[in-house]
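Please read it alongside the model.

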Amino acid sequence: MTVWTGDVVGGGTDSNIFMTLYGINGSTEEMQLDKKKARFEREQNDTFIMEILDIAPFTKMRIRIDGLGSRPEWFLERILLKNMNTGDLTMFYYGDWLSQRKGKKTLVCEMCAVIDEEEMMEWTSYTVAVKTSDILGAGTDANVFIIIFGENGDSGTLALKQSANWNKFERNNTDTFNFP
């Protein structure tokens, strides 16, 4: 596996980085990437040798950082996986920040596998409607999250933040959320 950190000011990170791979034949457990030898620095590529179950062909990869350390943000350019037995190559493109302040303002990204210039998953959008009960005290001001599960894995944690209603999750109201 080769990981490219982008050539942007502050692009390197000290945060812990975690990866989950998804394929036609299942998924891996979340694995932490080894940070030895000044890895994940600006305009640098880092190569790892990893042993994983044969779940190929791959469909997607999830990368997560913990946002800790003196440099809690990371500009992830792309990742290449090479099967050392078959020579098969799979690319994953991102080209943005994993950060709570920059870019998409997220510490987690989902990247579609690209094999021979073909994306291995189709992109879709989901609309989630949440109906709050009419029972006294049913509303909440808490942060609410969901995970959508399907045959190709899961969506990761999705925050139910942006709805047409300014005050979400009020008694007897329906809130609608869109996720591309």
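**Note on the domain interface and backbone**

1. Between domain 1 and domain 2 the count is one salt bridge, a term that here requires a side-chain nitrogen of Lys or Arg within 4 Å of a carboxyl oxygen of Asp or Glu. The side chains of arginine 62 and aspartate 154 meet in a salt bridge, with an N to O distance of 2.7 Å.

2. The model is predicted, with local features needing pLDDT of at least 70 and side-chain atom pairs counting only at pLDDT 80 or more, whereas totals for chains, interfaces and linings use all residues. Residues are numbered from 1 along each chain as its sequence is written, and side-chain values use heavy atoms, with hydrogens and water left out.

3. The domain assignment of the protein chain gives domain 1 as 2-119 and domain 2 as 126-179; such bounds come from an automatic or database domain assignment. Taken over C-alpha atoms, the centres of domain 1 and domain 2 are separated by 29 Å.

4. How many residues of each domain are in contact? Four residues of domain 1 touch five residues of domain 2, contact meaning heavy atoms within 4.5 Å.

5. About 310 Å² is buried between domain 1 and domain 2, with 35% of it on carbon and sulfur atoms. Buried area is the accessible area (1.4 Å probe) that two parts lose on being put together, summed over both. Of the area that domain 1 buries against domain 2, Tyr22, Lys60 and Arg62 supply 72%, more than any other three residues.

6. Two residue pairs are in polar contact across the interface of domain 1 and domain 2, both at pLDDT 80 or more. A polar contact is a pair of N or O atoms within 3.5 Å; within protein, one must be able to donate a hydrogen and the other to accept it, and residues adjacent in sequence count only if both atoms are side-chain atoms. The side of domain 1 that touches domain 2 has one nonpolar, no polar and three charged residues. In this scheme Ala, Val, Leu, Ile, Met, Phe, Trp, Tyr, Cys and Pro count as nonpolar, Asp, Glu, Lys and Arg as charged, and the others, Gly among them, as polar.

7. Two backbone features deserve a look. The peptide bond from alanine 56 to proline 57 is cis, with omega near 5°, and proline 57 is placed in the loop between β5 (44-47) and β6 (58-65). Lysine 105, a residue other than glycine, has a positive phi near 55° and lies in the loop between β8 (89-98) and β9 (108-115). Strands are DSSP runs (E, at least two residues), numbered from the N terminus.

How values were computed
Helices (H or I, at least four residues) and strands (E, at least two) are DSSP runs, numbered from the N terminus.
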